Amino acid sequence: MNEPVVSFVNVNKTYDGKALVVDDLNLSVHRGEFLTLLGSSGSGKTSSLMMVAGFEMPTSGDILLDGRSITRLPAYRRNIGVVFQNYALFPHMTVAENLAFPLQARKVGKAEIVKKVSRVLEIVRLTGYEARKATQLSGGQQQRVALARALIFDPALILMDEPLGALDRQLREAMQYEIKHIHDTLGISVIYVTHDQDEALAMSNRVVVLEKGKIEQVGTPKELYETPATAFVAGFVGENNCMKGRVRLAESDRCVIAMPWGDVSAITVGPAGAGRDTTWSVRPERIEFDSGSGDLDNVYDGVVKDVVYLGDQIRIYVAIGGNTFVLKVTNKSELAVLTIGQRVKVGWRAKDCRAFGLPH
Amino acid sequence: MTFGHEHRPLSQRLTRLALWVITILVLTYLIAPLLVIVPLSFSSSAFLNYPIPSFSLRWYEDFFSSPDWRLAIWNSLLVGSISALLATSLGTLAALGLNRANFPFKRVVTAFFISPLVVPVIILAVGTYFFFAPLRLTGTYTGIILAHTTLAIPFVIITVGATLSSFDENLVRAAFSLGAHPVRVFFKVILPLVLPGVVSGAVIAFATSLDEVVMILFLGGPEQNTIPRQMFNGIKYYLSPTITAVATVLIVVSILILGLVGLLRRHMQKLRAADVEH
């Protein structure tokens, strides 16, 4: 599983000769892996993908496919499937003609094409749609045709550039599952680009969080969520309470942060020595109401500011000193009695509280 | 507040009346010269005057049977179709190039390609004459065809450019990613999608050559007489009513060409509307 399909080696990309859109990227995508590049716009995720596809040239560095450099290979000789956000189906062709296009380019025989087209339509569950014009299909169907077209020529790798961005929420979730299922069944390698962290967590084997052209962290969805390596990842992946403070005491892997309303003990993640500023975080679902059992390392007095009812969950905004924290609690009847302005004792464990070095 | 038509103030009614009168006058001014020609072409008289003594098709017969006019028709079709073909190929390629991502001096290059449309034809014709003379291209089909191609290219660039402006560049990227060689991408993806623009460009290019008179006066020898040149000669030396028949045929051809371009435009809009729906 750890054999690399694609490797970025010291890849840089700039469009104007000044700002680096991709800044010294080193990354390997394993064979059979579903790897997501996650980042906001301008993070370099799409540029990185375009360089693998061959639509953009790295300014410097090298990109390897199966160990061979493809940096100078034109896109049409790379054998990489690409799925676009706007589907990019050929509007003057039928579904079958769209699917046959990559096979005709490879001089595959007619009978073989018919066979492959019907097999791939079966995979994306669109059997019987051969003769439809691409433009007559719904958004979800068009994206499945686009996926089928990228699969049909057995590419070494499939790239997806925000493929579900144009779909509504319900359809998007169904398609996430479908794409994941196809990936698992066919065992293909996928590089997936999205700005949607839920999508990244739900689908990926590994996620690469990019910011300003640099890798913030690479890890499994669980690693990113449970053990973010930087303040940016802590704030970007999943919901988090991020606060700024000053480190008062630093031990090997623990520290104590002085806040105006009390001391907070936390795990040291970044270089946050005593006397230095830090950003620290604690997840909303890890903050609890103190039952007096003594198993919470940090306990404070707070005031309920707001209660938002979400059905399965309840979000509670609690002010501690000058800071407002979000708590996420599963819906249990006893919490319904909380009223705004009520004084509460809340707290969390030191292991759930992470102190990072200042963001660069 | 709603008022019936009869309750409009007098000043407003006068304005409307003036608008109608002016509109009709302008339309008459534009169309009358054309309409005067058409009945004359069916006259049996050898003089261009009304009233028409009796109807006859003799001038049409003259147009389609006299050797001079037959040569002119043949020349017009030959020069028109070859220069339309050349202008369409070159103009389409130029439009594709100009549509690509920004390159240095893009505006200057675009202006340069469009310039034959802006520069007075007489200046182009004089310039072309002095350029072609030492190359022995004056008085040759090649020379006329090249000159007409130059005049027609801007029209092709504009019509194809208009279709390309709504063209999704991701289609080209998708085609590349699917393993298609650039030549295949051009013929299978780009060309079919910009075809309406290419065809209307070709039609307009042909029409440009068909009624072009200045270049042909400067560059053409007697061998290359086209229909407009032959008409010009007809007016200069002897006023034969044949030119009224020719004019009528040209009017009909122009209307057909306009209709064809209109149909293509409608087809294009329909395609675009289908794109927007999804």
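The model described here is predicted. Asp24(A) belongs to strand 2 (residues 20–30) of chain A. Its phi is near 50°, a positive value in a residue other than glycine. Most residues other than glycine have a negative phi. Arg125(A) also has a positive phi, of about 55°, although it is not a glycine. This residue sits in the loop between helix 3 (110–123) and helix 4 (139–151) of chain A. Arg125(A) is exposed, because 11 other C-beta atoms lie within 10 Å.

Strand 2 of chain A pairs with strand 1 (residues 4–14) of chain A. The two run antiparallel and are joined by 7 bridges. Within this pairing, Lys13(A) stands opposite Val22(A) of strand 2. The hairpin of these strands has 5 residues between them. There, Gly17(A) takes a positive phi near 80°. Strand 1 of chain A also pairs with strand 4 (residues 60–65) of chain A. That pairing is antiparallel too, over 5 bridges. Val9(A) stands opposite Asp62(A) of strand 4.

The domain assignment divides chain A into domain 1 (4–231) and domain 2 (242–356). Their C-alpha centres lie 39 Å apart. The contact between them takes 4 residues from domain 1 and 6 residues from domain 2. On the side of domain 1 that touches domain 2, 3 residues are nonpolar and 1 is polar. No charged residue is found on that side of domain 1.

An open sheet of 5 strands is also present in chain A. The strand order is 15-19-16-17-18, and the pairing is antiparallel. Strand 15 (288–289) and strand 18 (323–330) are the edge strands, each pairing on one side only. Strand 18 of chain A pairs with strand 17 (residues 313–320) of chain A over 8 bridges.

Chain B meets chain A through 18 residues of its own, which are in contact with 23 residues of chain A. Three helices of chain B each supply at least two residues of this side: helix 7 (169–177), helix 8 (182–210) and helix 11 (242–277). The largest share, 6 residues, comes from helix 7 of chain B. By residue type, the side of chain B that touches chain A divides into 9 nonpolar, 5 polar and 4 charged.

Helix 7 of chain B is largely enclosed by the rest of the structure, because 7 of its 9 residues are buried. The buried residues are Leu171(B), Val172(B), Arg173(B), Ala174(B), Ala175(B), Phe176(B) and Ser177(B). Just after helix 7 of chain B, Gly179(B) takes a positive phi of about 95°.

How values were computed: Residues numbered from 1 in each chain as written. Chains lettered and ligands numbered in written order. Predicted model: local features only at pLDDT ≥ 70, side-chain atom pairs only at ≥ 80, totals over all residues. Contact = placed C-beta atoms within 7 Å. Helix = DSSP H or I, 4+ residues; strand = E, 2+ residues; numbered from the N terminus. Nonpolar A, V, L, I, M, F, W, Y, C, P; charged D, E, K, R; others polar. Pairing = 2+ DSSP bridges. Buried ≥ 20, exposed ≤ 12 C-beta atoms within 10 Å, placed from the backbone. Domains from an automatic or database assignment.
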